[in-house]
Amino acid sequence: MSNSNNLAITNNEAQHRYEAALEGQLAAYAEYNLLTDAIMFTHTEVLPEHEGKGVGSGIARHVLDEARARGLHVIPVCQFIAGYIRKHREYAELVRPDIQRAFKI
């Protein structure tokens, strides 16, 4: 069984999405819009055949770590990313207080 440690995550800037591959196959993606000082995650999807393998958590962790490294605020329009931040409070600081209220983080 695969796990998120085998994930290869790339930023497909042309399509405005991060892509996670397992064994060379697209397993999940997180779509985003890049703003001046923030990144807005709009949709995250794990392909059905890869559900339950930690792929969603792996891509969420990666995109949030990258946002932090780039000094970007996060706007979690995507419910999956918002939920991940709610469960992993160490990422809450990436979301401005007014945005936290809007998305109940």
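This dialogue covers how to read some local features of a predicted model.

Trainee: Is histidine 50 buried or exposed?

Mentor: Buried means under 20% relative accessible area, exposed over 50%, and partly exposed in between (1.4 Å probe, protein chains only). Histidine 50 counts as buried because its relative accessibility is 10%.

Trainee: Which residues does histidine 50 touch, leaving aside those up to four places away in sequence?

Mentor: Contact means heavy atoms within 4.5 Å. Histidine 50 touches Leu22, Gln25, Leu26, Ala27 and Val55.

Trainee: Which residues of helix α2 are buried?

Mentor: Helices (H or I, at least four residues) and strands (E, at least two) are DSSP runs, numbered from the N terminus. In α2, residues 79–87, the buried ones are Ile81, Ala82, Gly83, Tyr84 and Ile85. These buried residues pack against β4, α1 and β5 (73–76).

Trainee: Where does histidine 16 lie, and what is its phi?

Mentor: Histidine 16 lies in the loop between β1 (8–12) and β2 (17–22). Its phi is positive, about 55 degrees, although histidine 16 is not a glycine. Histidine 16 counts as partly exposed because its relative accessibility is 43%.

Trainee: Why does glutamate 23 count as exposed?

Mentor: Glutamate 23 counts as exposed because its relative accessibility is 62%. Glutamate 23 is in the loop between β2 and β3 (25–34), and its phi is positive, near 50 degrees.

Definitions and conventions
Residues numbered from 1 in each chain as written. Predicted model: local features only at pLDDT ≥ 70, side-chain atom pairs only at ≥ 80, totals over all residues. Heavy atoms only, no water.
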